[in-house]
Amino acid sequence: LKLLPGVSAPTLRTAMVIPMGGMGTPLMGPPPPWALKTFNTIKYCVFLVIICAIARLVIGVGSLFNGILNLIYATITGVFLLKDDPQMSGCYVSILSVCSCLEQCGAGLQCLLPFTIIYGMAALFDVIFSFIPLCRASPWNHVGSLLFSAWLLVMVNIIVEIVAAVLTWRVYKMMQAHQGPNVSPGAPDYYAGGGQAYRQPPAASAPPREQPRFEAFGGQGQRLGS
């Protein structure tokens with residue numbers, strides 16, 4: 001299915017990779033408090049990518065198969081990463097009810113690195129196989145046309161994918177280094193295995209007061225007979 005003249009269908013994307021654990025230090029549990037705002041931004045990026053994937057299917061950017069594949073990877077990868085989000089948890093449960101085997105793939109913080117890789121590769125393929133061919137058709141000379149709408153849609157899609165990939169990469173690196181606004185390096189129980197609750201490092205205690213040392217024959221006494 002190709003509705004845009006002069007634009008070749010993009011080459012088939014790489015096979016979708018379901019988020020898997022086992023890369024680096026395992027991260028489990030819900031996002032720590034300092035990352036909630038970033039995860040909220042990532043959630044909106046996932047929503048935008050899904051909307052763009054649906055719009056690209058409607059407009060006819062590329063082949064039908066690639067459009068469906070875009071929608072599947074954007075939905076499943078985002079839902080698995082954001083399974084602890086109240087708005088995404090229901091979608092996560094629904095996906096598992098349809099295909100329970102995906103439960104073994106890992107979810108939540110385990111998807112940080114796979115999400116970064118998948119969205120980063122998706123942005124790269126969109127640039128090579130969709131954006132560049134559209135630019136060759138000079139869509140800016142046809143403002144208001146279907147061609148211009150497709151070019152603008154793909155550009156927005158690429159920008160959102162890059163933003164989402166960068167945000168998840170930053171969170172992943174910060175958590176791997178055990179760092180964050182409220183966490184000092186080397187803090188214990190930092191979501192590494194077991195899914196333990198987030199804990200701030202104990203406050204540094206005041207240094208003990210130095211006790212005077214005893215020195216033999218160091219005092220002053222009184223002489224006998226004086």
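**Ser 138**

I started at Ser 138, which sits in the loop between H4 and helix H5 (146-176). Helices here are DSSP runs of H or I with at least four residues, numbered from the N terminus. I am working on a predicted model, in which local features need pLDDT of at least 70, side-chain atom pairs count only at pLDDT 80 or more, and totals for chains, interfaces and linings use all residues. Residues are numbered from 1 along each chain as its sequence is written, and side-chain values use heavy atoms, with hydrogens and water left out.

I looked up the backbone angle next. Ser 138 is not a glycine, yet its phi is positive, at about 50°. Most residues other than glycine have a negative phi. I then checked accessibility: Ser 138 has a relative accessible area of 23%, so I logged this residue as partly exposed. The cut-offs are under 20% relative accessible area for buried, over 50% for exposed, and partly exposed in between, with a 1.4 Å probe and protein chains only.

**Salt bridges**

How many salt bridges does a search of the whole structure find? I got 3. The criterion is a side-chain nitrogen of Lys or Arg within 4 Å of a carboxyl oxygen of Asp or Glu.

Asp 85 and Lys 43 make one of them, at 3.4 Å from N to O. This pair links distant parts of the chain, 42 residues apart: Asp 85 is in the loop between helix H2 (64-81) and H3, and Lys 43 is in helix H1 (residues 36-59). Asp 85 has 16% relative accessibility, so I count Asp 85 as buried. Lys 43 is buried too, at 5%. I also noted that Lys 43 lies over the face of Tyr 44, 5.5 Å from the ring centre. For that label, NZ of Lys or CZ of Arg must be within 6 Å of the ring centre and within 35 degrees of the ring normal.

Asp 126 bridges to Arg 56, with the closest N and O atoms 3.2 Å apart. Here helix H4 supplies Asp 126 and helix H1 supplies Arg 56, and the two are 70 residues apart. Both Asp 126 and Arg 56 are buried.

I found Lys 83 joined to Asp 84 at 3.3 Å, N to O. Lys 83 is partly exposed at 25% relative accessibility. Asp 84 is partly exposed at 35%.

**Gly 108**

Lys 83 and Asp 84 came up again when I listed the contacts of Gly 108: Phe 80, Leu 81, Lys 83 and Asp 84, leaving out residues up to four places away in sequence. Contact means heavy atoms within 4.5 Å. Gly 108 is in the loop between helix H3 (86-98) and helix H4 (112-136). Is this glycine, Gly 108, buried or exposed? Its relative accessibility is 2%, so Gly 108 counts as buried.

**Aromatic pairs**

I counted 9 aromatic pairs in the structure. Rings of Phe, Tyr and Trp (its six-membered ring) pair if their centres lie within 6.5 Å; planes under 30 degrees apart are stacked, over 60 edge-to-face, and the rest tilted.

Tyr 73 and Tyr 119 are edge-to-face, with 5.7 Å between centres and 75° between planes. Tyr 73 is in helix H2 and Tyr 119 in helix H4, 46 residues apart. Both tyrosines, Tyr 73 and Tyr 119, are buried.

Phe 131 and Trp 151 are stacked, at 6.2 Å and 20°. Phe 131 lies in helix H4 and Trp 151 in helix H5, so this pair ties together parts 20 residues apart in sequence. Phe 131 and Trp 151 are both buried.
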